[in-house]
Amino acid sequence: MDMTGLRVMVFEDDFLLAGTLADVLARLGCTVVRCIATFDLAMEAADTESFDVAVVDLQLQGITAFPLLDRLAERGIPGIIASCRSRVEIPPRYTSIPAISKPYTANELRRAIDVACGAESAGDSLDRTAPH
């Protein structure tokens, strides 16, 4: 999928990871709308900002971000879970959301974006968070 101009919102509380992720997304051709580190600001942005896809860390300063994923789904905005958690620790209702395990590669991120945006089927995606 051509990612040129794809508007991505980054929800990540680690400043260095957020910056690195923004750089990788830019190299992929995406436009990073914002990097948001707090749960409250993330929920506000999910309601008010315009973007095509979101990369969501499941822990934003100690607060679990599942309500953020719900809010994105309500708006029809695809999300990608970026987490250190194992896939088995994520509630079943979120299994349709592509997940990448930290640390992830640019290729894994690209494939997750493809899946989230419907350019690739979930069965073809890399999911390193799945139990082996």
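## Ground rules

Buried means under 20% relative accessible area and exposed means over 50%, with partly exposed in between (1.4 Å probe, protein chains only). By that scale R34, with a relative accessible area of 33%, is partly exposed.

The model you have above is predicted, so local features need pLDDT of at least 70 and side-chain atom pairs count only at pLDDT 80 or more, while totals for chains, interfaces and linings use all residues. Residues are numbered from 1 along each chain as its sequence is written, and side-chain values use heavy atoms, with hydrogens and water left out.

Let's start with strand 1, residues 7–11, where four of the five residues are buried. Helices (H or I, at least four residues) and strands (E, at least two) are DSSP runs, numbered from the N terminus. Two strands pair if DSSP finds at least two bridges between them.

Strand 1 pairs in the parallel sense with strand 2 (residues 31–36) over five bridges, and V10 stands opposite C35 there. Strand 1 also runs parallel to strand 3 (residues 53–57), joined by four bridges; here F11 has V56 as its bridge partner. With helix 1 (residues 15–27) in the path, strands 1 and 2 make a right-handed β-α-β unit. Right-handed here says that, with the strands pointing away from the viewer, the path from the first strand over the helix to the second runs clockwise.

## Two nonpolar cores

A nonpolar core is a set of buried Ala, Val, Leu, Ile, Met, Phe, Trp, Tyr and Cys residues joined through side-chain atoms within 4.5 Å. The largest such core has 24 residues, and F11, V56, L68, L69, L72 and I81 have the most contacts inside it. Strand 1, helix 2 (39–48), strand 3 and helix 3 (66–75) are the elements that give two or more residues to this core. Helix 2 gives the most, with five residues.

A second, separate core of 18 residues includes L6, V8, V10 and V55.

## Salt bridges

A salt bridge is a side-chain nitrogen of Lys or Arg within 4 Å of a carboxyl oxygen of Asp or Glu. E49 sits in the loop between helix 2 and strand 3, and R34 in strand 2, 15 residues apart. E49 is partly exposed at 21% relative accessibility.

Another salt bridge pairs R71 with D47, the closest N and O atoms being 2.7 Å apart. R71 lies in helix 3 and D47 in helix 2, so the pair ties together parts 24 residues apart in sequence. R71 is partly exposed at 24% relative accessibility, and D47 is partly exposed with a relative accessible area of 42%.

D57 and K102 meet in a salt bridge at 3.3 Å, N to O. D57 lies in strand 3 and K102 in the loop between strand 7 (99–101) and helix 4, so this pair ties together parts 45 residues apart in sequence. D57 counts as buried at 6% relative accessibility, and K102 counts as buried at 17%. E12, D57 and K102 are linked in a network of salt bridges.
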